[in-house]
Structures are given as C-alpha cells and as structure tokens.
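Subject: Structure handover

Hello,

I am passing this structure on to you, together with my notes. Please open it and keep it beside you while you read.

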Amino acid sequence: MSDARPFPVRMLLIFWLFVLSAVAFMDRTNISIAGPAIRSELSIDNVHLGWIFSAFLIGYAGFQVVGGWLADRLGSRRVLACGVLWWGVFTALTAAISPKLPHPLFLMILVRAALGMGEAVVYPASNHFVARWIPVAERGKANGWIFAGVGAGAGLTPPLLNWIVQHFGWRTSFWFCALIGLVAGAIWFLVARDTPEQHPFVSKEELAHIEGGRSAALASGAASTITLPWRASVFNRNVIAMTLSYFSFGYVAWIFFSWFFIYLAQVRRLDLKSSALYSMTPFLAMTVCCLLGGFITDALTRRYGLRLGRCGIAVVAFTLTSLFLALGPRAQSPHLASLILAGGAGALYLSQSSFWSVSADISGKRSGIVSGVMNMGGQVGGAVTASLTPYIAARYGWNSAFVVAAILALIGASLWLLIDPTEDRGGAIGRESGAERDRLSDGPARELSLKDVS
C-alpha cells in the first residue's frame, strides 16, 4: 500500500533523527578538534587526553541500558528531548573548565563522563522509534539515514569547528555546539510522537502501511503485555554475539573519532587547514556507506531473507574493514594513507544498519533495552581504544595500533556468523502474526520479536 502523502511523516521524523545524530557526533568530535588546544592549556600529554576521551565513552556506555529502559518506559519523544537538553548543558560546561580551577583534568573528566551519560539515550531511543514507526522492510534504510548522521556530524562540521577554534578559541566551539543541540532537541519535541497512532499528521494510508509491516507483537497491540526478562536481553545468543561484535565496531570507529585528526597531524605531518578534505574523508565515507548499507540490507532481505540480508553484508563489511586498516598505515604517501583508511571507515559503516535493524527485528517491545545492551558493547570498545590506542602507538608504533584494530574487525566479522535473526531460540523469539506471514509469504524473509522466556 502506498502512502497518500508525498513525504510520509515517518520519513520526515527519521530525517530529524539524522539531524540529532549529526549534532550528537558534532558534540563528541569537537573534543578531538579542540584537543591540541586543551592539551596545551592543561599541560597534559596524549595519554591524559585519551583519559578525557575515554571518560565520555565510559559515561556513554554505562547508561546505554538505562537510556533504553527509559525509552521503553517513557517513549522516544520525551527521552530524546531531555537527553539533548542534558548534553547541551554539559557541552557548555566543558567550555567553563579553566586551568585556574583546582584539578582541571579531573573536572574535565567528570564533565565529559556526564555528557556521555546524557548522549547515551540517543540511539536506544532512536531504535525504540524505529521499532514502532518503521515497517520491517524499511528498517535498513531508516537506520542508514539515522547513522549517516554520525559521518555527517563527525565529518562535515570539522572545517567549521576548526575555523571557530582558530578565530575565537576552543571554548566558543563548545558554546556553538550546545546552542545547535538545544534548538534541534526543541524541534524534535514539537514535531515527534511516540507512535504513529498519536501523530495528528499521519494519514490513514500511512498508518495502515506501518501497521502492516511492523513486528507482529507491536502491530497487534500485544507488545504492551509482553514482559521481557533482563536475562533474555543480555543472555540471548543473538544479543551476546551482536554486543561483542559491536565492541569491535566501536573500537575501530573511535580510532577515527578520537585519533584520526591527531594521527594525520602528528604522524603523517599533514597540515589539516590546507588538507581539510583528507581529514574529512573517513567521515564522508561513513555517511555514504551508512546510507548504502541500509539500502543493500533491505534489498538483500527482501530477496534472500533476514539471515543473509542482515548478517551477510556485516560479515563482508568487517572483512573489508580489516583489510583497509592493515594496508592504510603502510602507504608511503600521507594522502594515500588517509584515503585507504577512509575506505576502512566506510566499509565498517556498511554494517551499521545490520546491527540496529536486527536489534529492532528481534526485540519487540524491549527494543530500547536490547539496543542499549548492544550499544553498550560498542561504547566500551570505544572507551578502550581511546586510551589503549595512544599507548600501543607510543610503545609499538601506529602501524601496530591499526593492526590490533584490523584483528578486532576480523573477530567482529566472525561473530556475525553466529547471529540468526530468524531463529526461534526455545521460545525466546516471538512469532509472526498471520497477516505478517501472509505479507512475507512470497519470500523467505520474516520478522521475529523477543518474548517472555521466564
């Protein structure tokens, strides 16, 4: 069934989640751009700067499940709006830290950890939205758009933030990011609703289209009666494998978010003002490949089913990432090295939609919690790389640091071989409704959700 409106409401809201995702990563990566100035002002080295990077990710990882639980209880609209307000405040407080204050490094670590706690709600709440608003056949594209914001926020804003730092100081860049975030969050609260049934501008045709393609539990209204035990969220084989694989994803991704600018400037001796395009290439590749991966996973799922459509592309993506990470640092030309490494970043983000689509596909009512558990693994990986990468680089060289990341990417690929979004694990996965089975009866793809295993 086609939608009556030329621009369905669900896709307009997905676009605004793309905006919030971009703002979130702008707020995260501005610390990398301001890093050299902060390091100089606080008289610290790269290892201590890594502690600041890790502080954000520790707070972010520690509150993933809490953020998912809040989204499941309170809805994505309020949780995201409050989260944006929170991280706007702590982004601004980052700029308030001065070396004249007692223990400025400790204060910076505390503020960045608190910022991470606020941003922890972004993707679990977004996945809660996807599970309720987006039909199964469109979830790859929807997640592709949401996570394309990662590359856009981390890649398209550095020239602007670098210009602000150069002309007005690093603190102004944090005030700017805080203001943009508060505006974006306010708009989300005004235009979003937790379910399509609540939105005044969703047409009857669009609502019927959404209900026909959602998971059976949500479409039938039975989701409100499902109580998923915590052990099912944490100890289900699919969730464990995705969480461990997302650890690998986070480890690799945060090399680019935390250290890529510093690697190009200090190791490859690139002038990032005159070679700004090369510093942006990994993030542009992330944006393009995230969108591409979403379209590919939906197309493969329609033709070959969930197992190959979601899992197959993730295996290929991680394998290519490992290859690029191993080859990039060995290139003699700094420009060629940055392009090869950008290929690794792009290949990694081909798998992003697979993670978030599968977590929505299998989790039913508990999409916030399940995606929070998975994302916690990714952010722990990011926290590890933020501190471990400079240590490995200082002791064994940057080539070794990238080799470690390449090995973890291969481990991430192998874990996807254990994931089966169509598998009914002894009642841990829910059933399709008759309508959903009939809708998908022409192809092998089917949609499943977790249910009570107690």
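Predicted model: local features only at pLDDT ≥ 70, side-chain atom pairs only at ≥ 80, totals over all residues.

Salt bridges

Side chains of opposite charge can pair when their charged atoms come close. In this model the count comes to six salt bridges. Arg10 has a relative accessible area of 4%, so it is buried. Glu206 is at 1% relative accessibility and therefore counts as buried too. The pair also belongs to a network of salt bridges, in which Arg10, Glu138 and Glu206 are linked.

The next salt bridge joins the side chains of Asp298 and Lys141, at 3.4 Å, N to O. Asp298 lies in helix H14 (residues 276-304) and Lys141 in helix H7 (residues 139-155), so this pair ties together parts that are 157 residues apart in sequence. Asp298 is buried, because its relative accessible area is 2%.

Asp420 forms a salt bridge with Arg307, and here the closest N and O atoms are 3.9 Å apart. Which parts of the chain does this pair link? Asp420 is in the loop between helix H19 (398-416) and helix H20 (434-439), while Arg307 is in helix H15 (residues 306-327), 113 residues apart. Asp420 has a relative accessible area of 13%, so it is buried. Arg307 is at 36% relative accessibility and therefore counts as partly exposed.

Ser203 itself is found in the loop between helix H9 (170-191) and helix H10 (204-213). With 11% relative accessibility, Ser203 counts as buried.

Positive phi in two loops

Which loop holds Ser43? Ser43 is in the loop between helix H1 (9-42) and helix H2 (46-62). Ser43 is not a glycine, yet it has a positive phi of about 55 degrees. Its relative accessible area is 67%, so Ser43 is exposed.

His103 also has a positive phi of about 55 degrees, although it is not a glycine. His103 is placed in the loop between helix H4 (76-94) and helix H5 (104-119). At 61% relative accessibility, His103 counts as exposed.

Which residues make the nonpolar surface patch of about 520 Å²? They are Leu179, Val183, Ile187, Phe189, Leu190 and Val191. One of them, Leu190, is in helix H9. The relative accessibility of Leu190 is 63%, and exposed means over 50%, so Leu190 counts as exposed.

Regards

Methods: Residues numbered from 1 in each chain as written. Heavy atoms only, no water. Helix = DSSP H or I, 4+ residues; strand = E, 2+ residues; numbered from the N terminus. Buried < 20%, exposed > 50% of the residue type's maximum accessible area, 1.4 Å probe, protein only. Patch = residues over 30% accessible without salt bridge, like charges linked within 9 Å, V, L, I, M, F, W, Y side chains within 5 Å. Areas by Shrake-Rupley, 256 points an atom, 1.4 Å probe, with all protein chains shown as cover. Salt bridge = Lys/Arg side-chain N within 4 Å of Asp/Glu carboxyl O.
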